[in-house]
Amino acid sequence: MNQSSILRFSTADIPERDRLATFREVFGRGVANMDITPLAEECHAAIELHVLPGASVMWGSNSAHRFDKGRDLGKSDDDCVLAWATSPGLFRHLGKEITVGAGPAVLMSCADKASVENALPIQHVTLKVPRAALKPRIVGLEDTFMRPVPAESDALRLLKSYLETLRTDCPAASIELQHTIVLHICDLITLALGATRDGTELARDRGLRATRLNAMKKYALSRLGDPSLSVNDVARSQGVSPRYVQKLFESEGKTFSSFLLQARLSLAHRRLSDPTWAPLLISAIAADCGFGDLSYFNQSFRRRYGETPSDVRNGACSRRQK
């Protein structure tokens, strides 16, 4: 399978009387292996779980609840979970009890009992990776459990940014790229928690370069409509040289210019396929996607998709009328 597995769940899609029971069954037993106790009258929750080869990432939100995980000797779950949230949470794990505020992250062992509760509505991110993937990289891995990673940590900040971009891009990634993404995630966790000497060098070379490239792509994608956007602009935004920007893109087998062209063509194709953009002239869509030369846009579009912009728009209109 070339795409990552994604599970989405929301109590908003369930009758109110069934929400808690369904939340307990689908999320509590099916996903997290936890018992769920509401701490308020209302019960609302939503999750988006991306399962990658060797890791999983979950974005979630819920009303006030307590989540209790027992140690099930019948199951092998020797993974680690790194979590952070927008509101304070109370963590009980490995004989410790700490309150972690908004922003910092905390690492826990899935093989041991744990209890997490939030007294206020919360948004959270949970990143799960095998202990075996981290142990060779991190000095005294078990000592880092229940030791909050400060929100201002550069590595944690970069990890958060990397995951947010992956939330959009990863579903379309090939299985090979997904394996690379997991390596980058482990690199950033390694830097956040404290790597061995060899692990630090490897993580900095691989994980930080990937995160820098990711930030460059985000900046470029946010300014696709600017026809003057150049590699120099991206370099200034990141405080690096234009040559360094080119080198990072070349490490993926492409140039900055080819990345920018592909992104602009993809945006134009989506808009031409969307009936809500039908009132806008094709030339206006091309200009809005950063193409200053309509002839170049038409040639590039046909070379990329094997049909003209008009063909794509007419096809979308025909499908809508059926």
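Student: In which element is the place of Glu 48?

Tutor: This is a predicted model, and in it Glu 48 belongs to strand E3, residues 45-52.

Student: Why is Glu 48 called buried?

Tutor: Its relative accessible area is 12%. Buried means under 20%, so Glu 48 is buried.

Student: Which residues does Glu 48 touch, not counting those up to four places away in sequence?

Tutor: Glu 48 touches Ile 6, Leu 7, Arg 8, Val 57, Met 58, Trp 59 and Arg 167.

Student: What makes the link between the side chains of Glu 48 and His 50 a polar contact?

Tutor: The two side chains are joined at 2.7 Å. The cut-off for a pair of N or O atoms is 3.5 Å, and one atom must be able to donate a hydrogen and the other to accept it. The pair is within that distance, therefore the name applies.

Student: How many helices and strands does the chain have?

Tutor: The chain has 11 helices and 11 strands. It has 322 residues, of which 42% count as buried. Among its contacts with a separation of 6 or more, 67% are between residues 24 or more positions apart.

Student: What makes up the largest nonpolar core?

Tutor: That core has 31 residues, and Leu 159, Leu 163, Ile 185 and Ile 189 have the most contacts inside it. Two or more residues each come from strands E4 (55-62), E6 (79-85), E9 (105-109) and E11 (122-130), and from helices H3 (154-169) and H4 (175-193). H4 gives the largest share, 8 residues.

Student: With which residues is Leu 163 in contact, leaving aside neighbours within four places in sequence?

Tutor: Leu 163 is in contact with Val 57, Trp 59, Trp 84, Val 125, Leu 127 and Ile 185. Apart from this core lies another, of 27 residues, among them Ala 235, Leu 260, Leu 265 and Phe 301.

Student: Why do Cys 186 and Cys 289 count as buried?

Tutor: Cys 186 has 4% relative accessibility, and Cys 289 has 0%. Each value is under 20%, so each residue counts as buried.

Student: How do you know on which side of H7 its buried residues lie?

Tutor: The buried residues of helix H7 (residues 242-250) are Val 245, Leu 248 and Phe 249. They cover an arc of only 100 degrees around the axis, so they lie on the same side of H7.

Student: What are the buried residues of helix H6?

Tutor: In H6 (residues 231-238) they are Val 231, Asp 233, Val 234 and Ala 235. Just after H6, Gly 239 takes a positive phi of about 70 degrees.

Student: Why is Asn 33 called partly exposed?

Tutor: Asn 33 has 27% relative accessibility. The class runs between the 20% and 50% cut-offs, so 27% makes Asn 33 partly exposed. Asn 33 is in the loop between helix H1 (19-32) and strand E2 (35-38). Its phi is positive, about 55 degrees, although Asn 33 is not a glycine.

Student: Why does Met 146 count as buried?

Tutor: Its relative accessibility is 4%, which is under 20%, so Met 146 is buried. Met 146 is in the loop between helix H2 (131-134) and H3. The phi of Met 146 is positive, near 65 degrees, in a residue other than glycine.

Student: What makes Glu 152 and Ala 132 exposed?

Tutor: Exposed means over 50%. Glu 152 is at 64% and Ala 132 at 63%, so both names follow. Glu 152 is in the loop between H2 and H3, whereas Ala 132 is in helix H2.

How values were computed. Residues are numbered from 1 along each chain as its sequence is written. This is a predicted model: local features need pLDDT of at least 70, side-chain atom pairs count only at pLDDT 80 or more; totals for chains, interfaces and linings use all residues. Side-chain values use heavy atoms; hydrogens and water are left out. A nonpolar core is a set of buried Ala, Val, Leu, Ile, Met, Phe, Trp, Tyr and Cys residues joined through side-chain atoms within 4.5 Å. Buried means under 20% relative accessible area, exposed over 50%, partly exposed in between (1.4 Å probe, protein chains only). Helices (H or I, at least four residues) and strands (E, at least two) are DSSP runs, numbered from the N terminus. Contact means heavy atoms within 4.5 Å. The arc is that of the directions from the helix axis to the C-beta atoms.
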